Amino acid sequence: MPYTSISGLHHVLREFGISYQRARPYIHSPDREYKQKEAFLHQILQNRIPIQEEVLFQDEFTFYAEASLAKDFAPIGRQPLQRWAYKNKDKRICATMNAFTGEVHAMIAPKIGIDAFVEFLQQLQEQYPKAQTIYMVVDNCPVHFHPDVQATLQEQIHDFELHLPSSWRNVQPKEKFKQLDLNVQMVPLPTYASWLNPIEKLWKLLNQEVIHLHRIPNHFKELVGKVQEWFEQFENASDRLLSFCGLKKPNSIFAKDIIINRNRSG
């Protein structure tokens with residue numbers, strides 16, 4: 001029989017166009033309002049009024065004292081080393097990236113709870129003093145939609161259903177939050193749709209340039225300083241970051257929207 005051996009089986013699989021391959025991660029958004037939320041995001045980008053309105057992609061990220069494992073150059077026969085920490089401390093980053101300029105605003109904190117996130121929103125309003133509305137594209141992290149956070153914002157224009165903890169139904173926002181009236185409009189992403197949030201690639205760049213295989217796992221304060229210093233390069237407009245995150249590529253998911261907006265504004 002020709003197919004009773006490994007080599008024979010290989011020929012059979014090849015005839016059917018089948019090969020032995022490494023799997024890749026795959027996520028399918030289960031959101032029933034996926035198309036509506038995506039269309040809303042495209043609409044915001046296309047209709048944005050320069051100066052009066054800003055569109056920001058927002059996300060959070062955790063980094064650790066311990067260096068993350070990655071490939072690196074090294075002399076032949078001497079494998080690159082991942083350095084472990086005696087105590088693997090961590091910090092949380094909350095950041096936004098401007099969809100049109102690449103400008104980044106980042107805040108590093110022990111955790112991003114309600115108070116820290118509201119402080120971050122206040123910082124954004126100070127950063128864009130001329131903006132009448134700041135559209136902030138956010139994922140479905142519950143903190144973003146907590147009653148206390150929502151109470152700080154101007155009236156929201158989206159009408160998407162938010163799946164929140166049942167224990168929040170009777171939560172009354174604190175008075176200190178009601179008084180803020182921040183000019184931020186939340187633009188909720190579909191559930192599990194990270195490909196619609198280009199700022200995800202900002203973390204990839206941070207890992208490549210600072211976090212991967214760093215040599216100071218037991219000097220966490222110094223590492224935090226290096227991360228803060230790294231963000232400083234994006235305090236102003238950055239074509240480099242826009243390109244890296246895919247916002248300047250002609251065939252990227254939001255390129256058409258940005259081109260339409262610039263032509264309309266210009």
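Which residues of α9 are buried? They are A255, D257, I258 and N261, where buried means under 20% relative accessible area, exposed over 50% and partly exposed in between (1.4 Å probe, protein chains only). Seen down the axis of α9, these buried residues fall within an arc of 165 degrees, so they line one face of the helix; the arc is that of the directions from the helix axis to the C-beta atoms. K256, N263 and R264 are exposed on the other side of α9.

This is a predicted model, in which local features need pLDDT of at least 70, side-chain atom pairs count only at pLDDT 80 or more, and totals for chains, interfaces and linings use all residues. Residues are numbered from 1 along each chain as its sequence is written, and side-chain values use heavy atoms, with hydrogens and water left out.

Here are two helix pairs, with helices (H or I, at least four residues) taken as DSSP runs numbered from the N terminus. Axes are lines fitted to C-alpha atoms over the stretch in contact, and angles run from 0 to 180 degrees between N-to-C directions.

| Pair | Angle | Axes |
|---|---|---|
| α2 (residues 34–47) and α9 (residues 255–265) | about 30 degrees | 7 Å apart |
| α6 (residues 200–211) and α7 (residues 220–232) | roughly 125 degrees | within 11 Å |

The buried residues of α9 pack against α2, contact meaning heavy atoms within 4.5 Å. From α2, the contact is made by H42, L45, Q46 and N47, and from α9 by D257, I260, N261 and R264.

In the other pair, L202, W203, L205, L206, E209, V210 and I211 of α6 meet L223, K226, V227, W230 and F231 of α7.
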